[in-house]
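Trainee: I have some labels here that I would like to check against their definitions. Can we go through them one at a time?

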Protein chains: 2
Amino acid sequence: MYLKNLSIVNFKNYEQAELDFSPKINCFVGLNGSGKTNLLDAVHYLSFCKSFFNPIDSQNIRHGEEYFVIQGLFFKNEAEENIYCGMKMNQKKQFKRNKKEYSRLADHIGLIPLVMISPEDSFLISEGSEDRRRFVDSVISQYDREYLEDLIIYNRILQHRNKLLKEFANSGTYDEDSLELWNDQLIAPGKKIHEKRKQFIEQLIPVFQKYYEYISSGNESVSLTYQSHLENEDFKTLLSSSLRKDMILQYTTVGTHKDDLIFTVNNFPLKKSGSQGQQKTFLLALKLAQFDFIKNINNLNPLLLLDDIFDKLDAIRVSKLLALVSENHFGQIFITDTNLERTEQILSKLTIDYQVFNVTKGAIA
Amino acid sequence: MYLKNLSIVNFKNYEQAELDFSPKINCFVGLNGSGKTNLLDAVHYLSFCKSFFNPIDSQNIRHGEEYFVIQGLFFKNEAEENIYCGMKMNQKKQFKRNKKEYSRLADHIGLIPLVMISPEDSFLISEGSEDRRRFVDSVISQYDREYLEDLIIYNRILQHRNKLLKEFANSGTYDEDSLELWNDQLIAPGKKIHEKRKQFIEQLIPVFQKYYEYISSGNESVSLTYQSHLENEDFKTLLSSSLRKDMILQYTTVGTHKDDLIFTVNNFPLKKSGSQGQQKTFLLALKLAQFDFIKNINNLNPLLLLDDIFDKLDAIRVSKLLALVSENHFGQIFITDTNLERTEQILSKLTIDYQVFNVTKGAIA
């Protein structure tokens, strides 16, 4: 699968642009503020029906305009797919596949698999466990609809249980039967969520390790571990043994809503002990492992978007990374860089089709 | 003023290292994870008695060791200053100037003025107003002790006032006299804080603008504005007109604790509309303006630490920045970079003394 042609009108800093792409490597080169990343974001819209950066669609309309349009012509399984995304101020976003409008945007998700690697990924290291759970959940949900439903049910029951704990505290009462009712309903989806996260991460780890070792030339060792209360104990037992604590704190202190991913470098926490380059390499390996996972599920190469990928990496890691992505293992790739000279120098060494686009303040040459 | 010699033992990934510096430009070059930024952090310790990155001193001891020592030999006003920082596990940090131990670390702050520019600065854009107030407060506090005291008093009175508002709500009562008592005590320091922030930012703006325009070649326009409730109205009037709202929300909704700095690019919010390169340029210009400010206050060139400064900037901005810092306007500078070739190429064009240190896994050549 690849994106053959992209056409945008009034999207972010672009008035109008049309681009024909190479099925392999496409590189957007330009000065700061020229709009390189905005082109990646247009491609992201065509896959996920939304911006990678700004969740408010209307703010992605070019300043002073009333609408934007993004259109992509994809080749997939030897057929054309025309994807249209239109957004008018104060109106619902329109999404069409081959001129037929989707009734639900969710029906489109999955048609154009895509992995975006961006400096923004650093929140996976710097922020709390909630962001790491959301990363895991978003990947699993892409291929397992039941998982998403279990998540929704789990969170709803959890809210009920927490509300009941608060009522106990406020009224000074305790009603075992009511609590058991919520416990029973929490346990089933909780166990399924735990099992699926565990399976997913177990499959991810060896691929992640392989990528990290390759890019870093085995210079340091890293690990990725799934941490969950449910790992060593039965959820039912956990809930009853934490009852006293839950009553005092007035919320549920155990369960899959406390799961986390633990990242280390040379056996120390990555956040505190990893250098900026090591953290960047870690995120790269993690997202490339995600790429492999989605590729296997779909039996199709996702689009790979690499935003500002050369940042913070030393020259050895950059060349390793590029050797990697130019292999046949990957499909179509979009890269942004500020440095034309560096880009040309690196790409010309690869024996693979590539195209460079010079981006200047919302115009492309 | 400049740092002539640095000696470190068991600091972060260094077992032992000793470096002699150029009074002008010093560049640490090395692969990812080699320990370039840790050298900057050692210099930061000698100025601020703490790490720029990790506030827990004991975590900056090399893994498996029991202590670290950082020593710096400075030349300042034609005299030598020997600064010693020693940290033993489970003991108080020791700080000495010319072999004499400080009784309070606060007495050392200001002796070695220093400005650090780091990728971490991006929190000034991405995070809430509290972080921007802390930036402003930390600069003003460096030269105005009274300001720091006013801040402490203001925050204490604010807590009392908020507590009283909660008591009103819980007991369903209202006591005008008690509230007036806190109001009166809040107004005096509040007005002084506002005046000093205003003065500081008014002085900062033209310098900031000059730097931004120079680095970006005037490619886009940016602005920096001080936003405060006290700007257009008297604090006393504000407090009485927001009384109803304060009572409902049970905290003080107006005052200098709600001040903010507003950042824009081409008249749109920098956070949403600025590209990564524009945001980086903005932070650079802001910190360079801070440099000028501290330089003028001290009548002395602060040390300038530039961590990963070439990241995200296009080639034009990088060369502008380096032309700038190699002027006589700046004093001693420390730079980190992953790319030896790029560094040599850029520095060799400058007609200024520089030294390059090759950093390899905690060793320096």
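Mentor: In this predicted model, B:Phe11 and B:Phe68 are both buried. That word requires under 20% relative accessible area.

Trainee: Why is the aromatic pair of B:Phe11 and B:Phe68 called edge-to-face?

Mentor: The planes of B:Phe11 and B:Phe68 are 80° apart. Planes over 60 degrees apart count as edge-to-face, so the label applies. The centres are 5.2 Å apart, and the limit for a pair is 6.5 Å.

Trainee: How do you know that this pair links distant parts of the chain?

Mentor: B:Phe11 is in strand 1 of chain B and B:Phe68 is in strand 4 of chain B, 57 residues apart.

Trainee: What makes B:Phe28 and B:Phe334 a stacked pair?

Mentor: Their planes are 25° apart.

Trainee: Why does the length of helix 4 of chain B agree with its number of residues?

Mentor: At 1.5 Å a residue, its 27 residues should span 39 Å, and the end C-alpha atoms are 40 Å apart, so the two agree.

Trainee: What makes the approach of B:Gln279 to B:Lys271 a polar contact?

Mentor: The side chain of B:Gln279 reaches the backbone oxygen of B:Lys271 at 3.3 Å. The cut-off is 3.5 Å, so the distance qualifies.

Definitions and conventions. Residues are numbered from 1 along each chain as its sequence is written. Chains are lettered from A and ligands numbered from 1 in the order in which they are written. This is a predicted model: local features need pLDDT of at least 70, side-chain atom pairs count only at pLDDT 80 or more; totals for chains, interfaces and linings use all residues. Side-chain values use heavy atoms; hydrogens and water are left out. Helices (H or I, at least four residues) and strands (E, at least two) are DSSP runs, numbered from the N terminus. The expected span of a helix is 1.5 Å times one less than its number of residues. A polar contact is a pair of N or O atoms within 3.5 Å; within protein, one must be able to donate a hydrogen and the other to accept it, and residues adjacent in sequence count only if both atoms are side-chain atoms. Rings of Phe, Tyr and Trp (its six-membered ring) pair if their centres lie within 6.5 Å; planes under 30 degrees apart count as stacked, over 60 as edge-to-face and the rest as tilted. Buried means under 20% relative accessible area, exposed over 50%, partly exposed in between (1.4 Å probe, protein chains only).
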